[in-house]
Amino acid sequence: MTLLTAHRVPSRLRVVAWRFFQSAQGRIGFAVLVLLFLLAFAGPGFSLWSYTDKDFTAFLSPPSAEHWFGTLQTGADVYAVTLRGMRKSLVVGLLAALVSTALAAVVGAFAGYFPGWPDRVLTWGTDLLLVLPAFLVLAVMSPLFGAGQWVLFVIMLALFLWMVTSKIVRGMTISLKQREFIQAARFMGVSPVRIIFRHIIPNLSSLLIVDATLNVSAAILTETSLSYFGFGIQPPDVSFGTLIADGSRTAIYAPWTFWFVAGLLVITVLAVNLIGDALRDAFDPASQRPR
């Protein structure tokens, strides 16, 4: 059984990967996202300016050989601060998506596997978070997201992204626990927690992977919206939202302060959504897309 399992898992991963890269949107989304990550993490090394530097001889200067994306009204290099903001937004989006998907998997699986009061308590908590105004709660807590506290912001952001997926996981868990292999594990004396983490959650991997991918774009857009209004990433750090908020004031007469970061935001979200759609088709054996 162990030998068969060891051969089966890589085979399924290869099939999913093959179906994913057979899709044009999967290839395009993956290539664009890789390029964006390289730009965000390696791009600053090619510039003479850091995101904290100020050129007091060039305020709102247009793109030039010295400042590739121009400068802000503070003299900051737009190229440097844009890549810094993109890096922060990508990290926040990835971490928030991973935390929210993991939370959805655990809460939904436990609620579906344990009927009675555990299910009622977990479902009640999920419903409570669904009706809470996430934007208002995060806005009230924004004073806690000061410099160096962005990890707390990621955790709070993740707490408002998992509820719908958790309900889907709960329903699928109720169905899965009636399957023969789960019943066999129970009769063999395997503990419920081990069954959840070794059998139920792995069997929901396709749903969770696609959900995590799509949550990245949702988290990036949410972070951008909050930071735009001053409730997310706090100065002196920057993100897509803070840069768009600053650039919107000068977008009319200095468009380079706004459109570079806005364009990268659109491209990032589009690439992530393309990957999510391609992954959903790759995991779905009934997909009618070209294979």
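1. Trp 124 is exposed, at a relative accessible area of 58%; exposed means over 50%, buried under 20%, and partly exposed in between, with a 1.4 Å probe and protein chains only. Trp 124 sits in helix 4. Helices (H or I, at least four residues) and strands (E, at least two) are DSSP runs, numbered from the N terminus.

2. The model is predicted: local features need pLDDT of at least 70 and side-chain atom pairs pLDDT 80 or more, while totals for chains, interfaces and linings use all residues. Residues are numbered from 1 along each chain as its sequence is written, and side-chain values use heavy atoms, leaving out hydrogens and water.

3. The protein chain has twelve helices and zero strands. Its C-alpha trace spans about 75 × 45 × 30 Å along the principal axes. Of its 291 residues, 45% count as buried.

4. Trp 124 belongs to a nonpolar surface patch that also includes Leu 128, Val 164 and Met 172, and the patch has about 750 Å² of accessible area together. Helix 4 (117–131) and helix 7 (163–176) each give two or more residues to this patch, and helix 4 supplies the largest share, four residues. Such patches take residues with over 30% relative accessible area and no salt bridge, joining nonpolar side chains (Val, Leu, Ile, Met, Phe, Trp, Tyr) within 5 Å and like charges within 9 Å. Accessible areas come from the Shrake-Rupley method with a 1.4 Å probe; for residues, only the protein chains shown count as cover.

5. There are six salt bridges in the structure, each a side-chain nitrogen of Lys or Arg within 4 Å of a carboxyl oxygen of Asp or Glu. One of them pairs Asp 119 with Arg 170, at 2.8 Å between the closest N and O atoms. Asp 119 is in helix 4 and Arg 170 in helix 7, so this pair ties together parts 51 residues apart in sequence. Asp 119 is buried at 12%, whereas Arg 170 is partly exposed at 27%.

6. Asp 127 and Lys 167 also form a salt bridge (2.7 Å, N to O). Asp 127 lies in helix 4 and Lys 167 in helix 7, so parts 40 residues apart in sequence are tied together.

7. Helix 11 (residues 240–248) is largely enclosed by the rest of the structure, because seven of its nine residues are buried. Among the buried ones are Phe 240, Leu 243 and Ile 244. Their cover includes helix 3 (78–113), helix 10 (205–228) and helix 12 (256–283).

Methods. Contact = heavy atoms within 4.5 Å.
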